[in-house]
Amino acid sequence: MVRVRFAPSPTGPLHMGGVRTALYNYLFARQKNGTFILRIEDTDRSRFVEGAEEYIMESLDWCGIKVDEGVREGGKSGPYRQSERKELYGKYAEELLKKGSAYIAFDTPDELEELRRSYEKKGNTFMYNARIRDRLNNSLSLQKHEVQKMIGEGVPYVIRFKMPHNEDIEMDDMIRGHIMVNSSTLDDKILFKSDGMPTYHLANVVDDHLMEISHVIRGVEWLPSLPLHYMLYHAFGWDKPSFAHLPLLLKPTGNGKLSKRDGDKLGFPVFPLYWPHGDKARGYREDGYLPGAFVNMLALLGWNPGTEKEIFSMDELIKEFSIERVGKSGARFDAGKAKWFNHQYMQLQNLDDVSTEYIHLVKGKGYDISMDKSRRLVDMVRERVSFVHELWEQTDFFFEAPSSYDEKAVKKRWKENSPALMEELRSVLEGLDSFGSEETEKEVKEWINKNEYGMGAVMNAFRLLIVGEMRGPHLFDIITFIGKEETLRRIDRGLEMLT
């Protein structure tokens with residue numbers, strides 16, 4: 001039975017790379033009719049940030065990534081916060097000590113720092129490993145009674161994993177294939193800290209085992225930890241899950257991991273939602289991105305469907321996704337492509353949904369509009385925008401007559417005979433009984449053709465008077481919407497200001 005987990009630490013806002021990890025786990029679980037678990041790994045209390053846990057859950061909710069078991073949802077393997085499971089880990093650390101797979105180390109931070117400096121002076125790197133551990137202050141070098149005495153006196157200690165000396169560790173990764181590492185290149189990682197809390201490595205492996213995780217799908221930054229995790233499973237005598245390490249999300253230049261600094265510098269968010277605490281950060285939701293577009297974009301940053309298709313619903317992603325088509329190399333983020341995805345989703349979104357958002361947008365500008373008129377306007381200009389907030393830039397002139405006229409447009413489009421043409425056009429429009437778009441266009445074009453005025457000479461000057469610039473949808477749709485009275489008023493005002 002497939003059981004996967006997303007296990008973030010609540011140390012700040014959830015990076016979009018973390019959202020992608022959650023998404024890939026979710027897609028894999030849904031495709032296999034499995035279970036998606038959210039586990040909060042908060043054992044490092046020094047880095048805990050208030051509000052981060054809630055942010056993680058809200059981000060997943062916004063993306064449509066539904067949690068099956070977790071802090072809110074409960075489940076058979078709870079509790080789902082590691083801080084609430086801390087009584088478990090000491091038992092497993094003791095088990096490793098009894099098996100001889102771990103040992104107690106009394107070395108102080110100052111002693112270890114001094115060793116590091118002495119190694120660095122000689123151009124070497126200090127590693128607490130099989131080559132040196134028998135000469136350091138731990139239960140491997142001390143007599144048993146000395147160890148018990150120190151523990152009894154309350155001397156602080158940690159529990160380290162006893163990595164075997166010069167042993168080839170062979171591992172398999174669903175994305176990267178077969179991997180082999182010699183244990184002589186690894187250090188003896190701390191599993192249990194002096195404050196009574198486990199480190200990530202012990203808690204992670206214990207929880208994955210107890211929660212019956214079948215597949216560990218996580219970021220490539222955890223690949224160096226894979227040998228230790230393999231050895232921990234071996235030491236406990238537990239079956240290992242399958243592992244898959246996802247590629248990095250790269251800067252737009254392709255050089256290095258995508259960071260908040262890149263977003264700040266180049267003007268795009270790297271977090272799903274706005275982060276209001278401390279070093280505030282923009283969010284895709286608040287920037288106007290649709291959740292489906294954000295998810296679609298993320299899915300294709302590292303995964304290749306094997307076809308030219310780029311637009312996927314969540315159900316389609318679940319059907320098509322496969323770990324085998326996730327690449328090994330980093331995926332370069334493209335802010336322009338992110339906007340392109342949102343543009344596509346804007347066109348696909350239900351017209352009523354967009355129209356409802358547009359009504360709120362217009363109300364914020366101080367105007368009221370009916371649902372029917374909102375639909376008409378959105379339908380006219382939607383293909384021109386990528387975000388709902390851009391709709392106002394495309395429709396402001398429907399509500400506000402121009403107070404000034406674009407200088408370049410005036411210089412290029414407002415000719416010597418334009419005032420006379422516009423006076424005559426005004427008479428034509430004033431004499432119309434019907435002011436529907438098609439009927440008005442027919443009458444005006446017949447008048448232009450009959451007098452051989454030239455379509456461009458009339459229509460460019462006309463648009464300038466109505467809009468103030470050379471922009472906007474079909475001009476006859478605009479004047480039908482604003483009505484005959486407002487159209488004539490704008491012509492009069494424009495003639496007064498430009499003549």
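## Aromatic pairs and charged contacts

Across the whole structure, a search identifies 27 aromatic pairs. The pair of Tyr24 and Phe321 is tilted, because the ring centres lie 4.9 Å apart and the planes meet at 45°. This pair links distant parts of the chain, 297 residues apart: Tyr24 belongs to helix H1 (residues 16–31), whereas Phe321 sits in the loop between helix H10 (314–320) and strand E11 (331–332). Tyr24 is buried, with 0% relative accessibility, and Phe321 is buried at 2%. One aromatic cluster is formed by Trp62, Tyr284, Tyr289, Phe294 and Phe387. The model is a predicted one.

Charged side chains are considered next. Side chains of opposite charge can pair when their charged atoms come close. The search of the whole structure finds 37 salt bridges, including those in the table.

| Salt bridge | N to O distance |
|---|---|
| Arg39 and Glu41 | 2.7 Å |
| Arg72 and Glu73 | 3.4 Å |
| Glu212 and Lys76 | 3.0 Å |

Arg39 and Glu41 are both buried. These two residues also take part in a network of salt bridges, in which they are linked with Arg5, Arg85, Asp207 and Asp208.

In the bridge between Arg72 and Glu73, Arg72 is partly exposed at 47% relative accessibility, and Glu73 is likewise partly exposed, with a relative accessible area of 33%.

The salt bridge of Glu212 with Lys76 has its closest N and O atoms 3.0 Å apart. Glu212 lies in the loop between helix H6 (200–210) and strand E8 (215–219), and Lys76 in the loop between helix H2 (52–63) and helix H3 (86–99), so the pair ties together parts that are 136 residues apart in sequence. Glu212 is partly exposed, with a relative accessible area of 46%. Lys76 counts as exposed because its relative accessibility is 59%, where exposed means over 50%.

On the surface, a patch of negative charge gathers Glu167, Asp168, Glu170 and Asp172. Of these residues, Asp168 is found in strand E5 (residues 168–173) and is partly exposed, with a relative accessible area of 45%.

Glu113 has a relative accessible area of 34% and is partly exposed. The C-alpha atom of Glu113 is separated by 9.5 Å from that of Phe126, a residue 13 positions away along the chain.

Conventions:
Residues numbered from 1 in each chain as written. Predicted model: local features only at pLDDT ≥ 70, side-chain atom pairs only at ≥ 80, totals over all residues. Heavy atoms only, no water. Patch = residues over 30% accessible without salt bridge, like charges linked within 9 Å, V, L, I, M, F, W, Y side chains within 5 Å. Areas by Shrake-Rupley, 256 points an atom, 1.4 Å probe, with all protein chains shown as cover. Salt bridge = Lys/Arg side-chain N within 4 Å of Asp/Glu carboxyl O. Lys, Arg positive; Asp, Glu negative; His and termini not counted. Charge placed at Lys NZ, Arg CZ, Asp CG, Glu CD. Helix = DSSP H or I, 4+ residues; strand = E, 2+ residues; numbered from the N terminus. Buried < 20%, exposed > 50% of the residue type's maximum accessible area, 1.4 Å probe, protein only. Phe/Tyr/Trp six-rings, centres within 6.5 Å; stacked < 30°, edge-to-face > 60°.
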